[in-house]
Amino acid sequence: MSGFVPTAASYRPGDRTLPGEYYTSPEVLARDLDRIHARSWLCAGRSTELTEAGQYLVRGVGPDSAILIRGKDGSVRGFHNVCRHRGTRLLDAERGTVSGTIQCPYHAWTYDLEGRLRGAPHMQDVPDFDPSGHSLHPVEVEEWEGFLFFRLVPGGEPLGAQYGQMTERVARFRLGGLRPARRIGYEVRANWKLVLQNFSECLHCPVIHPALSRLSPYLSGANDLTEGPILGGYLTLADGVGSMTLSGRTCARPVGELPDEDHARGYYYSLFPNLLLSLHPDYVMYHLVWPVAPDRTRIECEWLFHPDASADDSFQPDEAVGFWDMTNRQDWHICEQSQAGVASRAYRPGPYSPRESLLAAWDRAYLAALGGFEPQG
């Protein structure tokens, strides 16, 4: 069995949308980045991107930038992307490989893969200069189900405390062993919160996603996580539909040992603040959501499959990729329309319906993480 237990909706009569300033104000975005993104566990991507020593990912969050890099001992470590000399960014590319050391492009201060300073030109002439006191500033890194997470500001709960409730829910999908087949990046002219809120309801699906609604009716599911930083549940596939693909048929072998009910469902979870996880019988899709400006968000979407799926003649990943690329673009367009609307002087917070209870719950989790800050309208 899947272990899925639907819970009562978290709808509270009187719940309303957030004021427009939360989506348009540079001050609010600065608070989001400082109080939420810098202090939360952020998903950086998959650990399979870093298989060899020296392979790295660079992830930017507002003014901050983090390096996640595989060391010679096989561990993944995180560092602030800031040289200890004069603060220059060390690595500019989003992903790549270094040959054993990280060297500052400005004055050639050089660090090993453990972050220790190994070379500092002319600093031997500085009295009492101690290289051991100038290692790169560390960033916390943890792994969960094959996903890499980092936290810029130390302290707070370990990753397992937040994600523990998800581990049992996803175990049968064997996420840790899945392999990527395709990645697509998007630039969306909308606030990051609109993107996550859009993911948390399907009331819009019959209007915005007619192809999706034919495969999976928007009233067909239930939620099992209805309060807190992780929200979501499932939708049921229509009769005769095998998966969420262009053809409605499965495009790969099952990702894990799934019970019969999971072959007729798609599970959708938002994991605060930047991971959207979609679990299907034949593939898993995830989105990483990165705020760029009050009205701009960068999104990465990747599709994961059984590690042996490519050996099958029936493997057709473009069936899943094409379906969700179409659906994603429909979502991004309506998010951009929402951004334009909430920026209007005529916008006022509107009422949520019971079908939008997860959005109200998401707003509560967001405001709790923000810590009581209220924008000056």
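The largest nonpolar core of this predicted model has 94 residues, and those with the most contacts inside it are Phe-150, Leu-175, Leu-277, Trp-303 and Tyr-366. Helix 7 (residues 317-342) supplies the largest share of this core, seven residues. A second, separate core of 18 residues includes Cys-83, Val-98, Leu-117 and Met-123. A nonpolar core here is a set of buried Ala, Val, Leu, Ile, Met, Phe, Trp, Tyr and Cys residues joined through side-chain atoms within 4.5 Å, where buried means under 20% relative accessible area, exposed over 50% and partly exposed in between, with a 1.4 Å probe and protein chains only.

The model is predicted, so that local features need pLDDT of at least 70 and side-chain atom pairs count only at pLDDT 80 or more, while totals for chains, interfaces and linings use all residues. Residues are numbered from 1 along each chain as its sequence is written, and side-chain values use heavy atoms, with hydrogens and water left out.

Tyr-366 touches Leu-18, Tyr-22, Val-28, Asp-32, Ile-36, Trp-192, Lys-193 and Phe-272, not counting residues up to four places away in sequence; contact means heavy atoms within 4.5 Å. Tyr-366 is also one of the residues of helix 8 that, with Leu-359, Trp-362 and Asp-363, meet Trp-192, Lys-193, Leu-196 and Gln-197 in helix 4. The residues of this contact between helix 4 and helix 8 divide into five nonpolar, one polar and two charged.

Helix 4 (residues 192-199) and helix 8 (residues 357-370) pack at an angle of about 140 degrees, their axes being 9 Å apart. Helices are DSSP runs (H or I, at least four residues) and strands likewise (E, at least two), numbered from the N terminus. The two helices are therefore oblique to each other, given that angles under 35 degrees count as roughly parallel, over 145 as roughly antiparallel, 65 to 115 as roughly perpendicular and the rest as oblique. The crossing of helix 4 and helix 8 is right-handed.

| Residue | Relative accessibility |
|---|---|
| Pro-206 | 38% |
| His-107 | 28% |

Pro-206 lies in helix 5 (residues 205-208) and touches Ser-213 and Tyr-218, not counting residues up to four places away in sequence. Pro-206 and Tyr-218 are twelve residues apart in sequence and 7.3 Å apart in space, C-alpha to C-alpha. His-107 lies in the loop between strand 6 (101-103) and strand 7 (110-112), and touches His-85, Arg-86 and Pro-121, with residues up to four places away in sequence not counted.

Conventions: Axes fitted to C-alpha atoms, helices over the stretch in contact; angles between N-to-C directions. Left-handed = near helix turned anticlockwise from the far one by under 90°. Nonpolar A, V, L, I, M, F, W, Y, C, P; charged D, E, K, R; others polar.
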